[in-house]
Amino acid sequence: MALIFSALLLLGLCGEITSGGQPAFDNTPGALNYELPTAEYETQDTFNAGIVGPLYQMVHIFLNVVQPNDFPLDLIKKLLQKKFDFSVDSKEPENIVLALKVAFYEIGVLICAILGLLFIILMPLVGFFFCMCRCCNKCGGEMHQRQKQNEPCRRKCLGTSLLVICLLMSLGIVFGFVANQQTRTRTKKTQKLAESNFRDLQTLLTETPKQIDYILEQYTNTKNKAFSDLDGIDSVLGGRIRDQLKPKVTPVLEEIKAMATAIKQTKDALQNMNSSLKSLQDASTQLSTNLTSVRNSIENSLNSSDCASDPASKICDSIRPGLSSLGSNHDSSQLPSVDRELNAVNDVDRTDLESLVKRGYMSIDEIPNIIQNQTVDVIKDVKEALDSLSSNVKNISQSIPIEEVLFQVSHYLNDSNKYFHQELPKMEEYDSYWWLGGLIVCFLLTLIVTFFFLGLLCGVYGYDKHATPTRRGCVSNTGGIFLMAGVGFSFLFCWILMILVVLTFVVGANVEKLLCEPYENKKLLQVLDTPYLLKEQWQFYLSGMLLNNPDINMTFEQVYRDCKRGRGVYAAFQLENVFNISENFNIEKLSENIGQELENLKVNIDSIELLNSTGRKSLEDFAHSGIDTINYSVYLEEAEKSPTKVDLLTFASSLEEKANQLPEGKLKQALLTDVQNIRAIHQQHVPPVQQSLNTLKQSVWTLEQTSNKLPDKVKKVLDSLDSAQHFLTNNISSIVIGETKKFGRTIIGYFEHYLRWVLYAITEKMTSCKPMTTVMDSAVNGVLCGYVTDPLNLFWFGIGKATVLLLPAVIIAIKLAKYYRRMDSEDVYDDVETVPMKNLENGSNGYHKDHLYGVHNPVMTSPSRY
């Protein structure tokens, strides 16, 4: 088992694996949320070439032109089946067809390679024969230049062409230098990348125990959450039951409570009404007696002899009509007493209905305490079951041989890291050799191009159009010599450079097209996933190698896809075929004990009585207390009357005004005394009467409002009470059972949710194999393709471009050198008017070689500058 885990964790170091989707784990609402800690890895899974990226892309475009064929998936499969046997046997047509397919796929590379081989073979031969020919004064070896009329144009065209070619060659050489410099730094890049991958793998190994510890810690958190609910069962379970009953019970109790308040208000109103009637009767009697006494006094004064003569008689006559209104306006004996109704309400109030309502509230509010008292033993047993489940989870987690695996893998990583650092000096040494060789090649081409540039520079600036070929200056002659030196070096080294270009081209192009590109688009993995390909007896090679069962459908592409997306080793490598954690981590079996203990959680709540018979009877008695039959209009009509028939103050003022009109005497003095008595009576007796009337009015209004349809109101309250009591009697048992089961499911749900998450975390998230695919991406995309193949391809592309351009450069340089070098002889032209044509034996072109005649003809020449 440990060896299998080791192979799985290290597969990314030595094989090709690929990546894919993973199911998500949804946290149950209201339950605990878990998030397995994941490590942060430093190695990037993408590689950026930087500023040289466009150059690499240019080479890729060239390769796509040279090799436009798609990756030969079927062809590679057949070659693997043939074990890359390229022998062509005429007796086996299949081999011939396969060889033709290979040749057709490689046709572009083959053509370029053949052209390179022709260049390698022909350039030394051409150079050899050209040298021999030049030594024989042939092939332009004779230091004689024929002068033609289009000579300046030819010279400029040749010079411009050579300059353009040299610039293009310089660009290729720059590519070579850039590529060579990239190889200089690839060892450091490889070392940095390898160390980064080693650190990521080590992080993976150190993170796995932390993840296991986190999984075990989450059980403690889950258990604490369940314990919290169990300890608070009074508020959790009891609160839920109470909350379900309250909507049905509270409105009824509120109505009864309101009715109890109405009884007290009615009692107070009746008492106030009764006392106000008595006060009104006493105050009215006293007021009437006092007013009668004053009225009699005034009448006696008006009947005296002082009122017989004018002008007193007229004034006395005007006072007499108003005396009849001087009296009390109320007769309290006409208002019936409310003693009977008050006695009835007092009897109802003695029941203390409010205390009965509070008792109904208490019967509902005490449900949580009842439940807590009834479930003490069951909760204790459930907690013991939860503690035993903790040990089961820990045992199952420890049954996975992760400790041994991590030790072996860590040991392997340490050995691999040590081996890498031991071999690193050799890599640096080989890299320096390659860099030095590439530098020599680039400098050889640079030397040749430098000769051409110096030849052009000296030739252009030293050329004198007035100088004859034999009289050319030293600078111009040096330019021609530089051009011929460049030609000589070209023939000496170009074929050697082309050998290097052909070799690196064939290797680099095929690595790019047959390894780098198919690895990028995952077609290479499709080849590896072909059934019975890598091993004839195995349908699936990866599962056969790792799980010893080649029939399990596990492919490189699927593993790479899963690991790339961060899936765990267990799911990515289908380890359920080796260690089925689902069977060992049976959720139902692990939570079975908890369920059994929670089945014993039974709560019994006795029937709740919202209002007893005494309270019910008090409501009925209140409804029949008779306050609804009182004639409140009589009381209101009497209460609306003023205390006296006339306003005493107005009457006193009028009487005073008339008395003051009387002459001085006993009559006037008697009337003014009566005025003072009237005002005293008003001040002493009218306010108490008015206050009694107001109290009576307020009490009547209260009683009238309360007694309005009182029997119907009481009946409605009693009906609501019956309905709520019926609901409690018939449904409280089902509510308690339902909420109890729901509470039990909640407790079990915590652990089922936790166990499902543990199963998901171990199978999907724990020990993510992403660093393995990163190692492969680093090895293939990073080192092989990015650090080796791309610089190699850029190198042969630049050097090959410069080497191929040597061919036209040599031809042009040879022709252009004639225009810059100092000749040993030159053509002259005789004056046809004075000298006969002497060169007919040499041709009829009008020119001859002056050394054949031993004289110098100055015709068509210019004086020498030297």
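This is a predicted model: local features need pLDDT of at least 70, side-chain atom pairs count only at pLDDT 80 or more; totals for chains, interfaces and linings use all residues.
View 1. Asp229 lies in helix α6, which runs over residues 151-231. The relative accessible area of Asp229 is 10%. Buried means under 20%, so Asp229 counts as buried. Apart from neighbours within four places in sequence, Asp229 is in contact with Val236, Phe743, Thr746, Ile747 and Tyr750. One of these residues, Phe743, is 514 residues from Asp229 in sequence, yet the two C-alpha atoms are 8.9 Å apart in space. With another, Tyr750, the side chain of Asp229 makes a polar contact of 2.7 Å.

**View 2. Glu207, a buried residue without a salt bridge.** Glu207 is also part of helix α6. Its nearest side chain of opposite charge belongs to Lys210, at 4.4 Å. When residues up to four places away in sequence are left out, Glu207 touches Pro37, Thr38 and Ala39.

**View 3. The packing of helices α6 and α28.** Helix α28 covers residues 806-820. The axes of α6 and α28 are 9 Å apart, and the helices pack at an angle of about 145°. Their crossing is left-handed. On the α6 side, the residues that make the contact are Glu151, Arg154, Arg155, Leu158, Gly159, Ser161, Leu162, Ile165 and Met169. On the α28 side, they include Leu806, Pro808, Ala809, Ile812 and Ala813. Lys815, Leu816, Tyr819 and Tyr820 of α28 also take part in this contact.

Terms used:
Residues are numbered from 1 along each chain as its sequence is written. Side-chain values use heavy atoms; hydrogens and water are left out. Helices (H or I, at least four residues) and strands (E, at least two) are DSSP runs, numbered from the N terminus. Buried means under 20% relative accessible area, exposed over 50%, partly exposed in between (1.4 Å probe, protein chains only). Contact means heavy atoms within 4.5 Å. A polar contact is a pair of N or O atoms within 3.5 Å; within protein, one must be able to donate a hydrogen and the other to accept it, and residues adjacent in sequence count only if both atoms are side-chain atoms. Lys and Arg count as positive and Asp and Glu as negative; His and the chain ends are not counted. A salt bridge is a side-chain nitrogen of Lys or Arg within 4 Å of a carboxyl oxygen of Asp or Glu. Axes are lines fitted to C-alpha atoms, for helices over the stretch in contact, and angles run from 0 to 180 degrees between N-to-C directions. A crossing is left-handed if the near helix is turned anticlockwise from the far one by less than a right angle, and right-handed if clockwise.
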